[in-house]
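Here is a short briefing on one protein chain. Keep the sequence and the structure open while you read.

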Amino acid sequence: MTMSQTHQPAACPGCEEPLETGDLFCGACGYDLSAVPEPPLDHPTIEMASPVGATPDPQLPYAVRTDEPVTAGSGVDEYPPPVSASLDRGHPHPAPDPRAAEPDPDTHVARPPAPGAKVCVACRAGRVDDDGYCENCGHAQPRERDHMEQELGSVSAVSDRGLRHHRNEDSFALSSTALPDGSPAVVAIVCDGVSSATRPDEASAAAAAAANEALLAALPQGIHPQQAMHDAILSAAEAVNSLAAEPGQVHRDDPHRHQNAPACTLVGAVSAGGLLVVGWVGDSRAYWVPDDRATAPARLTEDDSWAAQMVAARLMSEADAYADERAHAITGWLGADAYELDPHTASFKPDRSGVVVVCTDGLWNYAEAAEEMARVIPADAAERPLHSAQVLVGHALDGGGHDNVTVAVLPFAVEQQGAGSAYN
């Protein structure tokens, strides 16, 4: 599988907003990127996986897919953040261009918005069209999905677009049900759309919804939570696979343009019957943070990634592998072009109370080790999971917000101290 070879600048010529591979219009100002002239020299994107029939890299026995498009100028510190953010509200909004509110009278006449119509957040004068752009200044409006929060009983989640992406490609699902004996079961699913794929936002939403629905159907029937999690991941994969055959897969402006199948990663956690079950495919993670911070935290998942493969094969140290530019090339994902689906599940029985942090790499990039995650999350996370999720998202935004950020905080209570055990 190779990436598309069409030309695209690293930043919008109109507003300097960093762009992503495949963008036809700037997400910040609406600039038509098809009008950008071709450069004198072609610099093709890097091929992250060997095509069929090619000789594989002997040091990398698995196909890989990059979770970040490979473009020039994609470094975190190369551009100043194009949006403003506040930790109190945790919701980034596009920074309006002061010139945008002054349309050229020779080329455009502003149409006043009708009563009750949506008004542009930038110029406060233009009407917002059905595509989400101001008819007066052309400014893209914040999407509802740019920042999402949910609190469901004791479990909460927050998802944010971050400071660099033009849209939020993450998704999550929270739910609760009861086991046959009447005891509660709580579910948290987090998915991260693969940016180099087509419609990654739809893939993550479909996967999260399908996995959640499968668990809600299986757990009340008495199916073991670990088996239910395994089956839920398979259901999520089917939901993402089905997107590849939908008409939306064909590009509206160029039906012959190559596009990768929709894809995403998934990580989930279930608290049920005194067990803590996690399941995952890709590089989204789950962490265990005890309420008693004198007890060591732990990472509960292992990445399906190039870096993890290098460390497992003892070809590189963990520090060197994750510092490499190929670190986030994933070796497992949900999607029609996944070579082999291998859902990972694990079951634990903690001997003390704590919280499970279920997150995308948009968070753990800024708190990678379990000890770092434990230092960032508030001490009262079990009592205030929504506040804790907000704090974690704020930590990622403070660190640069280079990616979409999604985190769910799931408290796990143990009433009586006892011996802990784990099952694979």
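This is a predicted model: local features need pLDDT of at least 70, side-chain atom pairs count only at pLDDT 80 or more; totals for chains, interfaces and linings use all residues.

Residues are numbered from 1 along each chain as its sequence is written, and side-chain values use heavy atoms, with hydrogens and water left out.

**Overall make-up**

- The protein has seven helices and 17 strands. Helices (H or I, at least four residues) and strands (E, at least two) are DSSP runs, numbered from the N terminus.
- Of the 424 residues in the protein, 49% are buried. Buried means under 20% relative accessible area, exposed over 50%, and partly exposed in between (1.4 Å probe, protein chains only).
- Take the contacts between residues at least 6 apart in sequence: 66% of them join residues at least 24 apart. Contact means heavy atoms within 4.5 Å.

**Helices H1 and H2**

- H1 covers residues 200-218. Its 19 residues should span 27 Å at 1.5 Å a residue, and its end C-alpha atoms are 27 Å apart, which agrees. The expected span is 1.5 Å times one less than the number of residues.
- H2 covers residues 225-243. H2 also has 19 residues, which should span 27 Å at 1.5 Å a residue; the end C-alpha atoms of H2 are 27 Å apart, in agreement.
- The buried residues of H1 include Pro200, Asp201, Ser204, Asn212 and Leu215. The buried residues of H1 pack against strand S6 (170-178), S7, H2, S8 and strand S13 (334-335).
- Buried residues of H2 include Pro225, Gln226, Met229, Ile233, Val240 and Leu243.

**How H1 meets H2**

- Two packed helices are described by the angle between their axes and the distance between the axes.
- H1 and H2 pack at about 145°, with their axes 8 Å apart. Axes are lines fitted to C-alpha atoms, for helices over the stretch in contact, and angles run from 0 to 180 degrees between N-to-C directions.
- The H1 and H2 crossing is right-handed. A crossing is right-handed if the near helix is turned clockwise from the far one by less than a right angle, and left-handed if anticlockwise.
- From H1, the contact residues include Glu202, Ala203, Ala206, Ala207, Ala210 and Ala214. From H2, they include Ala228, Met229, Ala232, Ser235, Ala236 and Ala239.
- By class, the contact has 15 nonpolar, one polar and one charged residues. Ala, Val, Leu, Ile, Met, Phe, Trp, Tyr, Cys and Pro count as nonpolar, Asp, Glu, Lys and Arg as charged, and the others, Gly among them, as polar.

**Helix H7**

- H7 has 14 residues (385-398) and reaches 20 Å from its first C-alpha to its last, close to the 20 Å expected at 1.5 Å a residue.
- Its buried residues include Pro385, Leu386, Leu392, Val393 and Leu397.
- The cover over the buried residues of H7 includes strand S4 (147-152), strand S5 (155-160), helix H6 (370-376) and strand S16 (405-412).
- Gly400 follows H7 and has a positive phi, near 140°.

- Ala185 is found in strand S7 (residues 184-193). Ala185 counts as buried because its relative accessibility is 0%.
- The C-alpha atoms of Ala185 and Gly273 are separated by 7.3 Å, though 88 residues apart along the chain.
- Leaving aside neighbours within four places in sequence, Ala185 is in contact with residues including Ser175, Thr177, Leu179, Leu219 and Ser271.
- Asn260 sits in the loop between H2 and strand S8 (263-272). Asn260 counts as buried because its relative accessibility is 6%. The side chain of Asn260 reaches the backbone oxygen of Ser196 at 2.9 Å.

**Two arginines with positive phi**

- Arg199 is not a glycine, yet has a positive phi of about 50°. Arg199 lies in the loop between S7 and H1 and counts as buried at 10% relative accessibility.
- Arg314 is not a glycine either, and its positive phi is about 60°. Arg314 lies in the loop between H3 and helix H4 (318-323) and is exposed, with a relative accessible area of 77%.

Definitions and conventions
A polar contact is a pair of N or O atoms within 3.5 Å; within protein, one must be able to donate a hydrogen and the other to accept it, and residues adjacent in sequence count only if both atoms are side-chain atoms.
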